Amino acid sequence: MARLSQADLATLNRTFDDRSPQELLQWAREIFGDRVAAMSSMQEAGNVICHMLSHIPVRMPVVFVDTGVLFQETLETRDRLMREYGLTIHTYKPALTMEEQTEKYGILYLSAEGQKQCCEMRKSEPLDAIRGQYDALIGSLRRADGGRRGVCPILAVDTRLNCLRINVLANFSNEQMDDYIAQNQVILNPLHKQGFSTIGCNRCTTPVLPGEPKRAGRWRHLGPWSVYCGINPTDMDPERAPAVDLPQDLIDRILGRSTDFMI
Ligand code: SF4
């Protein structure tokens, strides 16, 4: 194994700024083969990626976390994507049901500290099951969403899952999203039409009023200090200098280095 740091990816990230999401998906499949999957929480951007995957000659599974307290519409959207786009979607769940968790720890999501613990148990820990299974995960973060995501790189190392996150939509503007969805009639979570600009657990997500920030409906009861769950590495401390451990030949392929064979 060899180390691949976020700094090692700087040049590639600059080069990739000119590539389309579909080209990035193709690159990911070429480099990582069967060891790449897409992640989706059944929101707009994830569904756009699911549509792309079903309409270009790139096949890969989709990873989805069912926290056990999602909206029924979200689960139905997942089922539609499997049925109508022919995708393989693997669903991962927390160890405890929400009832078991509440019995053990109380209602965590009502406080800022408890929310972190709850998101850790219900969103992040279920994903630990795929550690070692994939070297890359396709993410749907977009710079146009602003906040900490305003500077998210296309390629980001994920130290927890020891893999690369590839945010293929990082450069996709709001106009490009709207055009792509309209032109391709992308299957969307029906909650978007009911005022939910982003969609998470039913305990912590509300619709957003006209003029409110896009993420105003997330953890509204906690105030503006808690607006990310931490499941995406670029939602966390930007000052870290993270790195992951991958096979040297894979790192060479990622960075486009030719390999010299000595006989
Ligand atoms: S969004 Fe709310 S209910 Fe869902 S995992 Fe996080 S704190 Fe728990």
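Mentor: What follows is a discussion of the sheet, the ligand shell and several individual residues.

Trainee: What kind of model is this, and which cut-offs apply?

Mentor: This is a predicted model, in which local features need pLDDT of at least 70, side-chain atom pairs count only at pLDDT 80 or more, and totals for chains, interfaces and linings use all residues. Residues are numbered from 1 along each chain as its sequence is written.

Trainee: What is the strand order of the open sheet?

Mentor: The open sheet has six strands in the order 4-3-2-5-7-6, and the pairing is mixed. Strands (E, at least two residues) and helices (H or I, at least four) are DSSP runs, numbered from the N terminus. Two strands pair if DSSP finds at least two bridges between them.

Trainee: Which strands stand at the edges?

Mentor: Strand 4 (89-92) and strand 6 (155-158) do. Each has a single partner strand, so one side of each is left without a neighbour in the sheet.

Trainee: By how many degrees are neighbouring strands turned against each other?

Mentor: The average is 30 degrees, direction ignored. Axes are lines fitted to C-alpha atoms, for helices over the stretch in contact, and angles run from 0 to 180 degrees between N-to-C directions.

Trainee: Which helix packs on the sheet, touching strand 2?

Mentor: Helix 2 (residues 21-32) does, and it also touches strand 5 (136-139) and strand 7 (163-167). The direction of helix 2 makes about 170 degrees with that of strand 5. Contact requires that the C-beta atoms of two residues, placed from the backbone, lie within 7 Å.

Trainee: Let us turn to strand 2. In which sense does strand 2 pair with strand 3, parallel or antiparallel?

Mentor: Strand 2 (residues 36-39) and strand 3 (residues 62-65) pair in the parallel sense over two bridges. Met39 has Val63 as its bridge partner in strand 3. Strand 2 also pairs with strand 5 in the parallel sense, over three bridges, and the partner of Ala37 in strand 5 is Leu137.

Trainee: How does the chain cross from strand 2 to strand 3, and what is the handedness?

Mentor: The chain passes through helix 3, and this β-α-β crossover is right-handed. The term applies if, with the strands pointing away from the viewer, the path from the first strand over the helix to the second runs clockwise. Strand 3, helix 4 (residues 72-85) and strand 4 also make a right-handed β-α-β unit. Strands 3 and 4 pair in the parallel sense over four bridges, with Ile89 of strand 4 as the bridge partner of Val62.

Trainee: Are the residues on the two faces of strand 2 buried or exposed?

Mentor: Both faces are covered: Val36 and Ala38 on one side, and Ala37 and Met39 on the other, are all buried. A residue is buried if 20 or more other C-beta atoms lie within 10 Å of its own, exposed if 12 or fewer, and partly exposed in between, with C-beta atoms placed from the backbone. In a regular strand the side chains alternate between the two faces of the sheet.

Trainee: Changing topic, which residues are closest to the ligand?

Mentor: The closest are Cys118, Cys119, Arg122, Cys201 and Cys204, and 13 residues surround the ligand. A residue is near a molecule if its C-beta atom, placed from the backbone, lies within 6 Å of it.

Trainee: How is that shell divided by class?

Mentor: The shell has seven nonpolar, three polar and three charged residues. Ala, Val, Leu, Ile, Met, Phe, Trp, Tyr, Cys and Pro count as nonpolar, Asp, Glu, Lys and Arg as charged, and the others, Gly among them, as polar.

Trainee: What is the phi of Met42, and what is that of Gln185?

Mentor: Phi is near 65 degrees for Met42 and near 45 degrees for Gln185. Most residues other than glycine have a negative phi. Met42 lies in the loop between strand 2 and helix 3 (44-55), and Gln185 in the loop between helix 7 (174-184) and strand 8 (243-246).

Trainee: Why is Met42 classed as buried and Gln185 as exposed?

Mentor: Met42 is buried because 27 other C-beta atoms lie within 10 Å. Gln185 is exposed because it has 8 other C-beta atoms within 10 Å.

Trainee: Finally, which residues does Ile130 touch?

Mentor: Ile130 touches Val63 and Leu161, not counting residues up to four places away in sequence. The C-alpha atoms of Ile130 and Leu161 are separated by 7.5 Å, although the two are 31 residues apart along the chain. Ile130 lies in the loop between helix 6 (112-127) and strand 5.
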